[in-house]
Amino acid sequence: MTTHPTKLSSVHTAASLAQRRDALLAECALQRLALGVQTRQLLEPLTGGNLRHTLATRFKIPLMVGGAVLGLALVRPRRILPLLRASGALLKHATTAMPVLLALAQRFSKKETPS
């Protein structure tokens with residue numbers, strides 16, 4: 001004697017299959033999250049934490065200026081050499097004057113205005 005599935009048993013099987021599928025999808029999502037966390041933890045010593053962000057913010061403008069100077073040097077080499085000399089002299093004077101300007105700024109910021 002063979003048993004034939006009834007309509008009720010096929011509905012129950014379909015519901016349990018859908019529940020199993022949902023459970024497997026949830027488990028896969030949790031495994032993906034755990035894998036992402038573990039990967040970040042493994043790669044953190046290699047990236048140095050915020051080292052890349054710190055270097056990117058500090059070197060962004062100097063890299064842009066360096067790229068512009070290199071571009072000008074490649075396009076117009078005869079005109080860029082005097083500009084580089086002049087900018088070097090200005091930079092030298094600016095680095096000499098910067099401590100004096102900072103001292104003056106601190107002196108004026110410490111004085112309180114009378115109320």
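Which residues form a nonpolar patch on the surface? I shall answer that in a moment, after a few words on the model itself.

Good morning. What you see above is a predicted model. The mean pLDDT of the protein is 77, and 73% of its residues reach 70 or more. Confidence is lowest in helix H2, which covers residues 51–75, with a mean of 74. Helix H3 has the highest confidence, at 82.

Let us turn to the overall architecture. The protein has three helices and zero strands, and from the N terminus on its elements follow the order α-α-α.

How many of the 115 residues, as a percentage, count as buried? The figure is 1%. The accessible surface of the protein amounts to about 11100 Å², and carbon and sulfur atoms account for 68% of that surface.

I now return to the opening question. The patch is formed by Met98, Val100, Leu101, Leu102, Leu104 and Phe108. Together, these residues have about 590 Å² of accessible area. One of them, Val100, lies in helix H3, which spans residues 77–110.

Finally, consider the charged side chains. Which side chain meets that of Asp22 in a salt bridge? The partner is Arg21, with a distance of 3.8 Å from N to O. The count of salt bridges in this model comes to one. Is Asp22 itself buried, exposed or partly exposed? Asp22 is partly exposed, because its relative accessible area is 44%, a value between the cut-offs of 20% for buried and 50% for exposed.

Thank you for your attention.

Definitions and conventions
Residues numbered from 1 in each chain as written. Predicted model: local features only at pLDDT ≥ 70, side-chain atom pairs only at ≥ 80, totals over all residues. Heavy atoms only, no water. Patch = residues over 30% accessible without salt bridge, like charges linked within 9 Å, V, L, I, M, F, W, Y side chains within 5 Å. Areas by Shrake-Rupley, 256 points an atom, 1.4 Å probe, with all protein chains shown as cover. Salt bridge = Lys/Arg side-chain N within 4 Å of Asp/Glu carboxyl O. Helix = DSSP H or I, 4+ residues; strand = E, 2+ residues; numbered from the N terminus. Buried < 20%, exposed > 50% of the residue type's maximum accessible area, 1.4 Å probe, protein only. pLDDT = per-residue confidence, 0-100.
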